[in-house]
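Thank you all for coming.

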Amino acid sequence: MLLDVKNLTVGYRTDDRQFRIAVDGVSLALDKGETLGIAGESGCGKTTLARALMAYTRPGSKIVGGNVFLDGTDILALPDRQKHAIRGSRIAMVPQNPLSSLTFHMRVGAQIDEIVCRHEGLSRRQAQEKSVALLAATGMPEPDAIYRRYPHELSGGQRQRVVIAAALACRPGILVLDEPTTALDKTTELRVLELVSQLREQFDTALVYISHDLNVIARVCDRICVMRDGRVIEAGDTRKTFASPVHGYTRRLLDAIPRVNASGPVRPLRADSGEAPILEVTNLKYRYPATGLGIPFSPKKPGTLAVQDLSFSINRGRTLGLVGESGSGKSTVASVISGIIPPGSGKIAFDGVPLNRAAPERPADLRRRIQMVFQDPLSSLNPRLSIGRILMRPLRVFFAMGHEEARQEAARLLERMDMRAELLDRFPRQLSGGQQQRVALARAFAARPDLIICDEVTSALDVSVQASVLDLLLSMQAESGVSCLFISHDLGVIKRVADDVIVLQSGEVRDAGPTSDVFTAPSHPYTQLLLEATRNVFDVRPAASDEAALAVQ
Amino acid sequence: MFAAIARRISLSFLILILVSLFVFLATEVLPGDALDVSLTDDDLAVLTPEQLAEMRAELGLDRPAAVRYLSWLSGALVGDFGNTIITRAPVADIIMGPLRNSILLALATTAVAIPVAHFIGILAAYWRDRAPDTIVSTSAIVGYSIPEFVSGNALILIFAIWLPIFPATIVLYTDGPILEMLAVSILPVATIVIGSIAYLSRLLRLGLVEALVSDYVERARLAGVSEWRVVFTHAVPASLVPTLNAAALYVAGLLSGIVVVEKVFAYPGLGLELINAVLKREVPVVQATVFLGAVGVLLMNLLADLSIIALDPRVRRSAGRG
Amino acid sequence: MLKKSGKRILRSPVTMIGIAVLTAHMAIAALAPWLTPYGSSELAGMPFEPPSREFWLGTDILGRDYLTRLLMGGRITISVALCGVFIAIVAGAFFGLAAAWHGGMIDEVIMRLVDTKVAIPSILLVGVLIPGFGQSVPVLILVIALVYVSGVIRTVRALALTIAPQGFVTAAVLRGESNLSIMCREFLPNVLDLLCVEFAIRMSSAILLVSSLSFLGLGISPPTPDWGLMVSEGVGYIHTDPWLVIYPSIALSTLVVALNLTTEGVANALGLDAARGMTKG
């Protein structure tokens with residue numbers, strides 16, 4: 001057995017000096033060349049476990065029990081010097097966020113060199129040759145140039161490749177990857193995952209792959225462990241686990257994954273009412289403001305075009321999904337329609353009224369009728385105001401309600417969002433992420449809008465929470481008949497909520513049409529790539545909601 | 001990179017002009033001119049209006065304020081600060097020696113404070129929240145909570161009076177030889193160094209504590225990079241960036257401290273010159289010393305900014321710290 | 001949250017010592033007129049009398065009771081610092097928020113003025129103002145406000161710049177709230193913690209500055225009892241009567257040390273960092 005973990009327990013000291021357990025008696029085993037996925041939602045202890053596999057804990061944490069046998073030796077019992085010697089040479093880590101994980105003031109080459117020098121005692125010159133070769137192995141076209149760059153000069157995908165090259169520098173027997181692609185776009189993720197699989201074979205390395213994304217684990221790993229509250233609650237062959245999960249929690253997690261390639265419509269299509277669309281956008285263009293060097297009177301660089309010639313419309317009561325990766329211009333579209341930024345050229349008509357000004361200059365009723373929900377639920381709620389005051393504000397601004405009336409209405413809103421009215425006196429930080437996003441939704445619905453703009457509203461949430469928030473949004477929409485512009489990078493989520501979809505890339509439309517058509521017969525190669533990147537690898541168990549949807553039909 | 005440097009330099013120059021405008025306005029325009037301010041009631045009783053007018057003309061005070069400002073500024077930029085009101089001696093000649101002495105004091109302080117502060121700061125950050133840190137952090141707070149005139153007098157009392165090792169006051173001429181000046185300025189330097197070390201070591205500790213819990217330090221540690229390399233090639237250079245930003249602000253505080261110390265030890269520097277000039281209402285000398293003080297601060301800030309550009313490749317491209 | 005912070009403060013002995021000493025200082029400063037046996041300028045005895053039952057700490061160069069002057073000596077410095085810093089905090093919060101929220105030219109102008117002020121060391125700033133504006137308590141208060149407003153503007157602006165892009169501010173803008181309402185409802189509650197810490201940091205620094213100025217003869221004028229002034233009056237007799245210098249020095253130092261220890265402890269407990277803000281100005 002290459003790696004054998006027995007009863008590993010890790011605890012940490014909290015701010016109020018209590019000792020809590022983060023990893024609770026975990027046992028697992030990994031053989032040469034195997035791939036093991038560790039899945040779990042935020043706070044389940046998977047990252048702490050990953051570090052503990054290398055006999056490392058963060059300051060404040062402590063390994064309190066268990067053994068980690070690497071080739072038969074318990075590395076937890078080794079003196080510090082030998083632990084250092086093992087890290088990076090026999091077991092190596094690919095960290096979560098490549099930008100913050102590379103030292104910003106050092107060239108990336110030097111950061112690989114030092115690992116090679118340390119473990120293999122090479123000279124500087126040999127180290128440099130080796131580093132360049134490693135960078136080349138990760139598939140970067142100009143490894144010499146990359147070697148001399150600083151981390152901030154690279155793209156997200158390139159940085160991830162650098163970090164992988166650094167981890168593989170000494171051909172470790174085990175590579176631990178901690179959410180290595182979470183910060184990346186889906187198409188980049190796909191390429192990185194392919195690279196990881198290819199390098200794994202080339203370097204003959206066993207993998208421990210940690211992720212919240214079951215889909216990604218299914219792509220990479222033969223075996224899977226599902227963690228919850230510091231314990232492994234289910235372990236086994238990936239395909240079997242996906243097909244017939246034993247534990248109820250695993251089943252719920254699997255059900256919550258949005259399905260991209262499920263056959264048939266995932267829910268009944270809302271009928272097109274035939275009325276004039278609520279929102280019509282024609283030939284929208286938006287250019288970022290020019291940036292200067294900051295020297296007085298120096299020339300300015302014109303801003304890049306964020307959105308080029310975009311036209312679409314949203315019919316009443318329907319949802320338009322806007323899909324794209326970072327830099328596609330999808331958030332710019334949301335900002336322009338909601339009025340965060342003044343529009344560029346082109347025409348936007350909302351219920352026949354032109355939207356040619358930023359929100360503060362729009363008539364109050366127009367501001368009420370278009371509401372926006374943001375990506376990060378915590379930062380979209382003022383941490384110093386109670387939930388009650390947050391919800392009462394739009395009621396008082398838009399409907400001139402008195403204090404008592406507004407409070408009662410706020411309580412009703414909370415209840416419609418499946419939350420107790422006692423939460424009115426709580427503060428945002430006392431709520432869970434899902435509850436925060438419900439409050440944000442409630443605030444938007446408080447204005448009784450005709451159009452609601454959702455900008456990546458579930459990307460910051462765990463899958464299980466995401467599913468419940470999406471359900472809530474759908475039921476609220478059914479109840480109120482509001483139209484929706486739903487922006488997301490996640491095709492699965494889009495498929496779940498959107499009637500029609502537009503695929504954006506670099507500010508241009510790549511694909512557009514009813515969701516079912518675009519998903520089943522994508523016309524543009526980019527859409528096909530996106531679909532491939534988010535494809536459910538094992539779609540063996542139809543989700544409960546799909547069954548329900550089919551039953552309705 | 002050139003754009004970033006050019007921006008820093010042009011900004012410093014702009015600030016210098018604004019400083020000169022402020023100094024001029026504060027002393028000459030509101031609420032009376034330099035002559036009104038300089039003359040005592042006794043002087044006014046003796047002088048006739050004609051004599052006053054003549055003095056004004058001689059000092060150029062009869063010209064409009066804008067003209068006076070521009071001629072003062074153009075002089076100041078080349079080191080000509082006009083003549084004193086009472087003795088009519090060129091201000092530049094008067095402040096030359098004291099300026100040299102003050103620079104000497106500042107350099108000696110910096111030369112001692114920076115290495116020691118680094119040593120202490122790194123020690124405290126590495127053993128964060130353990131005994132060395134608690135001792136260093138608490139004594140640092142005490143260190144910079146004590147004003148220079150208290151610590152200076154304490155040093156005099158201990159090392160000049162109770163144990164007569166050093167002289168209590170500097171009784172040298174303004175233009176004594178540099179080595180002699182240095183030899184007698186151990187106590188003044190020690191006084192400023194106490195506060196500076198306290199402040200700078202805390203800044204460094206804070207910057208380094210942040211760097212040591214960063215993702216890049218963790219990655220390097222998990223790659224087996226030696227602890228020595230992690231601290232000195234990854235963390236310390238990174239920690240200098242926020243430290244330099246804050247330390248640049250401290251330069252002004254250091255100069256204020258030097259003024260007090262010069263007074264405590266009767267050290268013949270620019271600070272002592274300033275205090276005497278203020279008490280004598282010798283406006284041209286006040287203007288010159290304050291202007292030179294601001295030049296010093298701006299130069300040090302520029303140096304800090306350029307060091308940051310050298311240390312942090314990210315700011316080489318962007319417009320700067322804003 | 002508050003309870004947690006309170007616990008953390010109670011656990012730190014250094015902070016508790018700071019709070020105790022600070023409280024004692026504040027009580028003495030507030031009650032001094034009723035505690036003291038003599039008037040602060042009253043020539044109660046002969047000059048340089050040694051400690052006795054009548055004069056516990058002896059008398060000063062003019063024969064005034066030293067204990068009386070020592071107990072009274074913090075009042076004026078603390079009051080001047082308090083008023084000046086209060087003005088600086090209020091004005092700094094306003095200009096800092098305005099600069100961050102409006103951006104553009106307003107930000108540029110405010111920040112360049114701040115840079116200008118920062119380039120002039122505080123004691124030099126006082127020096128350049130005294131010839132024209134004279135040396136009085138109101139001028140001193142305004143000078144203190146001017147000295148500290150720039151730092152407050154910078155820190156408030158820096159924090160406000162991190163608040164401005166957050167969703168709750170955008171939501172307020174989209175609701176069409178007025179600038180004033182956005183400032184007061186969205187920004188102000190989120191910078192209050194910082195303002196409290198700023199207040200404490202600037203207070204200790206201002207007390208140091210006022211007494212240094214008095215020591216230099218540029219601050220509070222005789223015959224007011226004031227620690228800085230008392231040190232400068234006593235320095236000439238340091239060889240023969242060192243206590244004239246030692247007592248006021250100890251009084252001043254303990255006050256500032258206690259204030260800084262308290263600030264540090266409370267700021268840590270609130271999760272804010274005070275270290276970068278603390279300067280002598």
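Let me start in helix 9 of chain C, residues 179-216, where C:Glu198 and C:Arg202 both lie, 4 residues apart, about one turn of the helix; helices, by the way, are DSSP runs of H or I with at least four residues, strands are runs of E with at least two, and both are numbered from the N terminus. C:Glu198 forms a salt bridge with C:Arg202, with 2.8 Å between the closest N and O atoms, where a salt bridge is a side-chain nitrogen of Lys or Arg within 4 Å of a carboxyl oxygen of Asp or Glu. C:Glu198 is buried at 3% relative accessibility, and C:Arg202 is buried too, at 9%; here buried means under 20% relative accessible area, exposed over 50%, and partly exposed in between, using a 1.4 Å probe and protein chains only.

Before going further, a word on the basis of all this: the model is predicted, so local features need pLDDT of at least 70 and side-chain atom pairs count only at pLDDT 80 or more, while totals for chains, interfaces and linings use all residues. Residues are numbered from 1 along each chain as its sequence is written, chains are lettered from A and ligands numbered from 1 in the order in which they are written, and side-chain values use heavy atoms, with hydrogens and water left out.

Over all chains, the count comes to 41 salt bridges. One of them joins A:Arg369 to A:Asp351, the closest N and O atoms being 2.5 Å apart. A:Arg369 lies in helix 13 of chain A and A:Asp351 in the loop between strand 14 and strand 15, so the pair ties together parts that are 18 residues apart in sequence. Of these two, A:Arg369 is buried at 15%, whereas A:Asp351 counts as partly exposed at 29%.

Now to chain B, whose secondary structure comes to 15 helices and 0 strands. What does the domain assignment give for chain B? There are two entries, domain 1 (2-76) and domain 2 (99-321), with bounds from an automatic or database domain assignment. Between them, 19 residues of domain 1 are in contact with 19 residues of domain 2, contact meaning heavy atoms within 4.5 Å. The area buried between these domains is about 1700 Å², of which carbon and sulfur atoms give 73%; buried area is the accessible area (1.4 Å probe) that two parts lose on being put together, summed over both. The count between the two domains is 1 salt bridge, formed by B:Asp305 and B:Arg8 with the closest N and O atoms 3.6 Å apart.

Where chain B meets chain A, 28 residues of chain B are in contact with 31 residues of chain A, and the buried area is about 2700 Å², with 58% of that from carbon and sulfur atoms. B:Glu218, B:Arg219 and B:Leu222 supply 25% of the area that chain B buries there, more than any other three residues. Between these chains the count is 4 salt bridges, and A:Glu114 meets B:Arg229 in a salt bridge at 2.8 Å, N to O. Among the elements giving two or more residues to this side of chain B are helix 11 and helix 12, and helix 12 gives the most, with 7 residues.
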